[in-house]
Amino acid sequence: MKYRVWETSASLLIAYEVLALGYKKSKSIRTPLVFDENNELKKQEPPKHDYANYNQSLALLVLNASILEGTLRSIISEKLSADINEEIEQGKGSGKTAPSKSEQLMYKFRDEVELQGGWENLKNQYSFYFDISLEKATDESTREGVNALFVLRNILAHGTAIIQPSEAMDEEMKDVYPYTWKRKTQRAHVYLKTTFGHDSFFENLAEHAVPEHFMAVTKKFITDI
């Protein structure tokens with residue numbers, strides 16, 4: 001059986017670049033015009049917490065996570081295909097006319113890799129097939145950055161609202177709304193606060209540098225893997 005393969009992560013990368021260029025341009029468009037005493041234009045930086053960034057930055061984060069997950073999934077999928085072909089050739093050489101048990105198991109596992117999405121699934125598959133821990137293959141900062149990216153992606157891809165408590169909530173308040181949200185986003189919130197310095201989840205996410213930061217983390221992570 002012959003078939004065609006389209007690795008969508010490559011096309012998503014092109015889409016990301018086009019959107020990112022527009023995102024950078026939009027920053028300069030939103031920069032206010034200010035003139036000095038000689039009526040000469042002074043360069044002004046836009047407000048640090050420009051929530052208009054959300055219009056494009058959130059889409060860039062979703063694309064970023066998809067590019068990372070798709071790239072890593074294509075690596076394991078291609079390796080599986082190569083191993084299956086090698087198994088087929090060995091079977092033919094020994095006179096077999098039907099798939100071996102190991103070949104059937106590899107078919108099944110390849111289906112799992114390609115059809116069952118999700119970051120946690122992919123980490124488990126890498127651990128099983130390559131004996132590589134995606135958690136341990138990079139430094140702590142990069143690992144936390146990638147985990148924060150996928151927390152955000154899971155929220156944004158489903159169009160879910162983001163809720164942040166206005167005050168600290170301890171374990172005793174676990175039955176009080178929005179404690180569950182606090183637990184869900186805590187790891188990402190800590191990373192964003194450490195990186196961008198604001199107590200507010202929303203102010204950190206509004207920083208113009210957020211998309212570029214996470215793409216830099218992605219490049220570092222793939223290099224380490």
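**Cavity, pocket and salt bridges**

Colleague: How do the residues lining the largest cavity divide into nonpolar, polar and charged?
Modeller: For the classes, Ala, Val, Leu, Ile, Met, Phe, Trp, Tyr, Cys and Pro count as nonpolar, Asp, Glu, Lys and Arg as charged, and the others, Gly among them, as polar. This is a predicted model in which residues are numbered from 1 along each chain as its sequence is written. Local features need pLDDT of at least 70 and side-chain atom pairs 80 or more, while totals for chains, interfaces and linings use all residues, and side-chain values use heavy atoms, without hydrogens or water. The lining of the largest cavity comes out as four nonpolar, one polar and three charged.

Colleague: What is the volume of that largest cavity?
Modeller: On a 1 Å grid over the protein atoms alone, a cavity is a set of points where a 1.4 Å probe fits but cannot get out, and lining residues have an atom within 4 Å of a point. Points are joined across faces, edges and corners, and the volume is the space filled by probe spheres set on them. The count comes to one cavity of 30 Å³ or more. The largest cavity has a volume of about 40 Å³.

Colleague: Which element gives the largest share of its lining?
Modeller: The lining is made up of Trp-119, Lys-123, Leu-134, Glu-135, Arg-143, Val-146, Asn-147 and Phe-221. Going by elements (helices are DSSP runs of H or I, at least four residues, and strands runs of E, at least two, numbered from the N terminus), α4 and α5 are those that give two or more residues. The largest share, three residues, comes from α5.

Colleague: And the open space: which element gives most to the lining of the largest pocket?
Modeller: A pocket is an open set of points with protein on both sides within 12 Å along at least five of seven lines, and about 300 Å³ of space lies in the largest one. Its lining has 13 residues, with Tyr-16, Ala-20, Pro-211, Glu-212 and Met-215 nearest the centre. Two or more residues come from each of α1 and α8 (210-224). The largest share, six residues, is from α1.

Colleague: How do those pocket residues split by class?
Modeller: The 13 lining residues include Glu-212 and Met-215, both among those nearest the centre of the pocket. Taken by class, the residues of that lining are eight nonpolar, one polar and four charged.

Colleague: How many salt bridges turn up in the whole structure?
Modeller: Side chains of opposite charge can pair when their charged atoms come close. The cut-off is a side-chain nitrogen of Lys or Arg within 4 Å of a carboxyl oxygen of Asp or Glu. One of the pairs is Glu-89 with Lys-92, at 4.0 Å from N to O. The search of the whole structure gives eleven.

Colleague: Is Lys-123 buried or exposed?
Modeller: Lys-123 makes a salt bridge with Glu-120 (3.1 Å, N to O), and both sit in helix α4 (residues 119-129), three residues apart, about one turn of the helix. The cut-offs are under 20% relative accessible area for buried and over 50% for exposed, with partly exposed in between (1.4 Å probe, protein chains only). Glu-120, at 49%, counts as partly exposed. Lys-123 has 11% relative accessibility, so the label is buried.

Colleague: Which residues are linked with Lys-123 in a network of salt bridges?
Modeller: Lys-123, Glu-135 and Arg-143 are also among the residues lining the largest cavity. The network joins Lys-123 to Glu-120, Glu-135 and Arg-143.

Colleague: How many residues apart in sequence are the parts tied together by Glu-144 and Arg-187?
Modeller: The two side chains meet in a salt bridge at 2.8 Å, N to O. Glu-144 belongs to helix α5 (residues 140-157) and Arg-187 to helix α6 (residues 179-196), so the pair ties together parts separated in sequence by 43 residues.

Colleague: How far apart in space are Lys-79 and Phe-128?
Modeller: Lys-79 has its place in helix α2 and is partly exposed, with 36% relative accessible area. Lys-79 and Phe-128 are 49 residues apart in sequence, and C-alpha to C-alpha the distance is 13 Å.

Colleague: What is the phi of Asp-131?
Modeller: Asp-131 is in the loop between α4 and α5 and counts as exposed, at 70% relative accessibility. Its phi is positive, in a residue other than glycine, with a value near 55°.
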